[in-house]
Amino acid sequence: MTRRAENDVDATAVRRASRVVGLQITIASGALVIAAIGVAFFFVLDQLRPAELAEKPRPGEHKIYIDTTEAMVAFVVVGVLAVAVAGLASLIITRRAVEPLGRALRMQRTFVQDASHELRTPLAVLDARLQILQRALAADDPSSPIVAELRTDTRALIDIVNDLLLAAEPVQDAPAGPTRVLAAVGRAVDAMRVLAEPHGILVQVDSDTEQDPQVAMPAASLQRCITALVDNAIAHSPDGSTITVAVRVQGRTVLLTVTDQGGGIQGIDPRRIFDRFARAPRTATGDGGAASRSASSTRPSFGIGLALVRDLAARAGGSVDVAATGGDGTVLRLSLPSLPIRSGS
């Protein structure tokens with residue numbers, strides 16, 4: 001997406017926010033104006049006693065008689081004008097107030113994108129050189145473990161940069177075509193088995209659907225969501241455990257759950273794990289035993305992947321949450337609206 005399109009998306013978001021705030025202020029101002037005019041109108045009616053109309057004015061006294069219908073029309077006209085002026089003023093003021101926020105948002109997005117793009121190439125070159133060095137070293141070389149750890153750290157940095165690029169992408173329009181869920185899940189699981197197998201972790205897919213359900217989400221985004229959820233499960237699973245990716249259809253919703261056999265979410269409120277940069281303390285992961293060592297002990301987490309899952313799910317009209325967590329494992333659930341399966345598709 002071009003920089004101009006990104007700015008247009010940011011400008012649209014700012015205008016939408018200003019309209020919402022302006023509308024809220026207009027409603028509040030209108031309620032106050034209506035209440036004030038109502039009180040004034042009933043006060044005037046209370047003062048207009050029919051008995052006073054028959055009384056003759058005293059010497060030097062002047063009386064003004066007001067028609068109730070005309071008074072009501074006048075109050076209504078004044079009220080409508082007051083509400084209209086308040087609404088217009090609130091829209092102008094709120095738009096001016098949120099403009100600095102819009103500029104800050106564009107500057108932040110531009111900085112993250114530019115920095116991430118600049119980091120991708122040198123990190124890719126660094127990983128390639130480490131790979132060449134790793135192949136050149138003998139198996140019994142004492143430097144081999146250090147080089148392997150350097151490659152792991154480099155790949156982690158590359159993943160972080162990719163996550164930052166995805167996080168900086170503006171919200172786009174809904175995709176035109178449907179995406180098959182089982183196909184995307186299969187690709188994501190196959191890719192993540194490379195990280196799970198060295199720890200003896202089995203990643204399996206469980207589906208009871210006869211047909212491959214479809215959702216209104218780009219295939220790359222859906223695969224990215226499953227990858228992040230499985231990656232999180234691997235990072236918090238003991239060696240030799242099993243991770244299950246289940247696909248279920250309930251009515252018009254496709255439910256994708258990722259279940260691990262770790263020690264549960266510890267050290268952080270489960271409702272906050274989808275917040276950007278939120279992560280549990282290192283000591284809260286696993287029980288520290290050698291037999292149940294968590295894969296996250298060698299793979300750092302920076303609290304970006306799950307936040308991206310929430311953003312991508314929200315763009316597709318879905319959600320992600322913690323379905324269950326405890327000493328026997330955690331279940332993360334991704335819910336997406338399903339699309340009708342057309343014959344021959």
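What relative accessible area does arginine 193 have? In this predicted model, where local features need pLDDT of at least 70, side-chain atom pairs count only at pLDDT 80 or more, and totals for chains, interfaces and linings use all residues, the value for arginine 193 is 27%, so the residue is partly exposed. Residues are numbered from 1 along each chain as its sequence is written, and side-chain values use heavy atoms, with hydrogens and water left out.

**View 1. The protein as a whole has 7 helices and 7 strands.** Helices (H or I, at least four residues) and strands (E, at least two) are DSSP runs, numbered from the N terminus. Read along the sequence, these elements follow the pattern α-α-α-α-β-α-β-β-α-β-β-α-β-β. Of the 345 residues of the protein, 31% count as buried, where buried means under 20% relative accessible area, exposed over 50%, and partly exposed in between (1.4 Å probe, protein chains only). The protein contains 7 salt bridges, each with a side-chain nitrogen of Lys or Arg within 4 Å of a carboxyl oxygen of Asp or Glu.

**View 2. Aspartate 190 and arginine 193 meet through their side chains in a salt bridge.** The N to O distance of this pair is 2.6 Å. Because the two residues are 3 residues apart in helix H5 (residues 181–196), about one helical turn separates aspartate 190 from arginine 193. Aspartate 190 is partly exposed, with a relative accessible area of 49%, and arginine 193 is likewise partly exposed, at 27%.

View 3. Helix H4 covers residues 144–168. Both aspartate 127 and arginine 151 are buried, the relative accessible area of arginine 151 being 12%. The side chain of arginine 151 also makes a polar contact, at 3.3 Å, with the side chain of glutamine 134; a polar contact is a pair of N or O atoms within 3.5 Å, of which, within protein, one must be able to donate a hydrogen and the other to accept it, and residues adjacent in sequence count only if both atoms are side-chain atoms.

**View 4. Arg272, Asp275 and Arg310 are linked in a network of salt bridges.** Aspartate 275 is partly exposed, with a relative accessible area of 25%, and arginine 310 is partly exposed at 34%.

**View 5. Helix H7 (residues 305–315) carries a set of buried residues.** These buried residues are Gly305, Leu306, Ala307, Leu308, Val309, Leu312 and Ala313. The helix is followed by glycine 317, whose phi is positive, near 80°.

**View 6. Aspartate 212 lies in the loop between strand E2 (202–207) and strand E3 (214–215).** With a relative accessibility of 16%, aspartate 212 counts as buried. The side chain of aspartate 212 reaches the backbone nitrogen of leucine 182 at 2.8 Å and the backbone nitrogen of valine 181 at 3.2 Å. The C-alpha atom of aspartate 212 is separated by 9.5 Å from that of threonine 179, which is 33 residues away along the chain.

**View 7. A positive patch and a nonpolar patch on the surface.** Patches are made of residues with over 30% relative accessible area and no salt bridge, like charges being joined within 9 Å and nonpolar side chains (Val, Leu, Ile, Met, Phe, Trp, Tyr) within 5 Å. Accessible areas come from the Shrake-Rupley method with a 1.4 Å probe, and for residues only the protein chains shown count as cover. Lys and Arg count as positive and Asp and Glu as negative, while His and the chain ends are not counted; the place of a charge is taken as NZ of Lys, CZ of Arg, CG of Asp or CD of Glu. Arg15, Arg16, Arg19 and Arg95 gather in the positive patch, to which helix H1 (residues 3–47) gives the most, with 3 residues. Arginine 16, found in helix H1, is partly exposed, with a relative accessible area of 46%. The nonpolar patch is formed by Met72, Val76 and Val80, which together have about 280 Å² of accessible area. Valine 80 is placed in helix H3 (residues 68–136) and counts as exposed, at 52% relative accessibility.
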